[in-house]
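Here is a short briefing to read alongside the model on your screen. Keep the structure open and follow the topics one at a time.

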Amino acid sequence: MAGVGGFSKLADFSLRRRRAILAVAGLFTVIAAVLGMGVTGHLTQGGSDALSEESVHAASVLASQFHTGDTNFLVLVQARHGSVDGAAVTAAGDELTARLRHVAGVTGVESYWSLGHVGAMANKTKTEAIIVARIKGDQDQVVNREPAVAAALGRAPAAVRTEIGGFAPSYREIDVLVEKGLVAAEVLSIPITFILLLLIYGSVVSALLPVGIGGVAVVGTLCILRVLASVTDVSVFAENLTTALGLGLAIDYSLFILSRYREELAHGHDPEEAVRRTVASAGRAIAGSALTVAGALAAMAIFPIVYLRSFAYAGVAVALFAGVAAVVVLPALLAVLGHRVNAWTVWRRALTTPTEGFWSRTARAVMRRPVVVLVSVVVVLAVLATPFFSLKFGSLDDRILPPGDSVRQVDDQVAAQLGYGQTQPIDVVVPALYEPPGTAARAAVIARYAAQLSELSGVQYVAASTGVAVHGYTLPGPSAYLSQFDNRQGTWLSVVPTDNALGQGGVQLVDAIRAGPAPGAILVGGAPAEFVDSTAVVSHDLPVVLLLIGLVSALVLFAMFKSVLLAVKALVLSALGLSAMFGAMVFVFQQGHLSGLLDFTAVGNLSATTPILMFCVAFGLSMDYEVFLITRIKEEHDRGESDVDAVARGLQRTGRIVTSAALLMSVVFLGQLASGIASIKLFGLGVSLAVLVDAFVVRGLLVPAVMKLAGRANWWAPRWLATGPEARSAGSGVPAEERFPVYEGAAL
């Protein structure tokens, strides 16, 4: 980290080159907006699996050796009158099946009727049956091709009604809802944010500046994502993080710069001097915060999963853009505006913070009873965290769509009438068999293995080249359908689960197949196996990611404050503050409380990647407020204030700003509730709660209590770690002007 002198030089640079900086920033914003426009079309909906996973290898073998894969498109056919076995409905079913078989890019088309009226593909009352198919290509190609396939299906024959479902239409709906959710979030959060900024500042010009800085950060990051998407896969969900985090951080950083600048103006300094003092103090805190947030999110790049890596790309870019814009572009703009930063005043607010007030009184009250406050708050947070101990991991499926979505309703109906397994089969690939193709010995081996698999708990039926095995018995099937499961090299089998296989039942079934006897080396794939494998990859890399986040954060904090205890304290208290978020995450979204109000479906589990993403974002933001608060406390301490007075006055000077920033940040993230995607709602609500708890509870109560108990140990560091004059103790007997950097007589 650069010292105060470095930021004084940065301030001088912004002052000397103010107009050039603004011209470059304006040009960059325009170019970035143009390049980043339409970035959604270049982002991927896939990327939830690591290339090293067995399930990914299984999918690759299915595609290359057998030229097939999982079904991802289904048609629910409902008889208008009578049964699906009636002559008119059978003719309609055969016609629809034939239509799909003639659509380019569609393979594996089979139906209740083409398979000889197989019972597993119709409901018990025989009023509904399904047609299944596979749209070829990767997930993005499937999404792009799905509308044409649906259109080619055409109008239903008179005897039936048809509706489409399956993973392909679900992916398409997610794509549409993500884009709509971004627009809705911006429409809701930006006006509300501006109104709150107007209430905070009382000036239209001051209120507009943070929104402008946020725009620079967001469009800059979208441009980066567009460039990255041309060389590697980037998840479409990274857009949501970019918008929310970009606006939130930019508003936070701008709030601290503007508040300090207006305070310096109120103290009688001219605009240029106010800019110098602001950047030399608040600029350093912002740089430390941006590095901490970027470091926390960069750690996700360790995961070999595109979905999580994409958040690292977006998070690092948006944090750095927001930081640079706040400490370089905003000071240049303030230098041009001068006193006009307070222009268009709609109501008057005090520009300076009193030495004593609500927050200082709160801090002093806490420090009079630090043990009582510390224990009480920890107990409350522990209680709020208790639901997290019942966390269950699952996989994202079409139920992240809102309950009223048409595709979601079709999939729910198929699941209720025919079982979830129709859209969640497990692929068991045997790449090589020793028995020659077409021989009785080979058929016997395959039939025996299919029968064994069909007797496993949770299996509805198993389709193989020898027939359809149900509970140990093999039923015949159309040769055209069965032939897809076998070739000269090997064979594969489709295991259709009875219930939802994207949960613990699916884990047990995949494990049982992998551990059971087989006619050779097998590869287990399909959505349930992908969930098992991706969860294992995340669990394997998670300790390294957490260690890296802690290490990077501690190093940045130590570099800023030259204190071991402050760095460790920040990590522990921030993690403790996140406990309420994790408890709420399970209480609301796993257990289903507030599901009606928030319009989502609780499925009894959470995706393994969601808690990790929320932790990284919320942890980085909590470090944001920690840096601002401790910077001001250290500033007071360096002026010679006692430990108690330094904490009280530091909290007084930052309390209103930090809580205002937290409220603004929460508004931005709560805007994600406008999304139709359940996982995005979870992200927005959880991070908002974490930010508010951190600002009001951790910074307002826990920090004063812990710093009071630590006393002078707050500022201790071993000599081999402490370097430079700032690391020496305040009570060393060395005059203040020699112990700490001084800028024109003001200790900073």
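A residue counts as buried under 20% relative accessible area, as exposed over 50%, and as partly exposed in between, using a 1.4 Å probe and protein chains only. By that rule Ser 479 is exposed, because its relative accessible area is 60%. The model is predicted, so local features need pLDDT of at least 70 and side-chain atom pairs count only at pLDDT 80 or more, while totals for chains, interfaces and linings use all residues. Residues are numbered from 1 along each chain as its sequence is written, and side-chain values use heavy atoms, with hydrogens and water left out.

**Terms for the helix pairs**

- Helices (H or I, at least four residues) and strands (E, at least two) are DSSP runs, numbered from the N terminus.
- Two packed helices are described by the angle between their axes and the distance between the axes.
- The axes are lines fitted to C-alpha atoms, for helices over the stretch in contact, and angles run from 0 to 180 degrees between N-to-C directions.

**Helix 21 with helix 18**

- The axes of helix 18 (residues 564–577) and helix 21 (residues 609–638) come within 10 Å and cross at roughly 135 degrees.
- Helix 18 is therefore oblique to helix 21; angles under 35 degrees count as roughly parallel, over 145 as roughly antiparallel, 65 to 115 as roughly perpendicular and the rest as oblique.
- The crossing of helix 18 past helix 21 is right-handed, a word used when the near helix is turned clockwise from the far one by less than a right angle, with anticlockwise giving left-handed.
- On the helix 18 side, Leu 566, Lys 569, Ala 570, Leu 571 and Ser 574 meet Phe 619, Ser 622, Met 623, Glu 626 and Ile 630 of helix 21, where contact means heavy atoms within 4.5 Å.
- Sorted by class, this contact of helix 18 with helix 21 has six nonpolar, two polar and two charged residues; Ala, Val, Leu, Ile, Met, Phe, Trp, Tyr, Cys and Pro count as nonpolar, Asp, Glu, Lys and Arg as charged, and the others, Gly among them, as polar.

- Helix 21 packs with helix 23 (residues 678–710) at an angle of about 35 degrees, and their axes are 9 Å apart.
- The contact includes Leu 613, Val 617, Leu 621 and Tyr 625 of helix 21, and among the residues of helix 23 are Phe 683, Val 687, Asp 694 and Arg 699.
- In the contact of helix 21 with helix 23 there are 17 nonpolar, three polar and three charged residues.
- Helix 11 (residues 358–368) and helix 23 have axes 8 Å apart and pack at about 45 degrees, which means that helix 11 is oblique to helix 23.
- Helix 11 and helix 23 also make a right-handed crossing.
- Trp 359, Thr 362, Ala 363, Val 366 and Met 367 in helix 11 touch Phe 696, Gly 700, Leu 701, Pro 704, Ala 705 and Lys 708 in helix 23.
- That contact of helix 11 with helix 23 divides into eight nonpolar, two polar and one charged residues.

**Single residues to look up**

- Leu 245 lies in helix 8 (residues 238–266) and counts as buried because its relative accessibility is 0%.
- Leaving aside neighbours within four places in sequence, Leu 245 contacts Leu 297, Gly 315, Val 318, Val 617, Leu 621 and Phe 669.
- Arg 134 belongs to strand 3 (residues 128–135) and is buried, at 12% relative accessibility.
- With neighbours within four places in sequence set aside, the contacts of Arg 134 include His 67, Asp 70, Asn 72 and Thr 107.
- Ser 479 is part of helix 15 (residues 479–482), and its C-alpha atom is 28 Å from that of Glu 163, 316 residues away along the chain.

**Backbone and cysteines**

- Leu 594 is not a glycine, yet its phi is positive at about 75 degrees; Leu 594 sits in the loop between helix 19 (579–590) and helix 20 (595–598).
- Asp 599, also not a glycine, has a positive phi of about 60 degrees and is found in the loop between helix 20 and strand 12 (606–607).
- Leu 594 is partly exposed at 47% relative accessibility, and Asp 599 is partly exposed at 39%.
- Taking a disulfide as a pair of cysteine sulfur atoms within 2.5 Å, the count is zero.
- Cys 223 is buried at 10% relative accessible area, and Cys 616 is buried at 1%.
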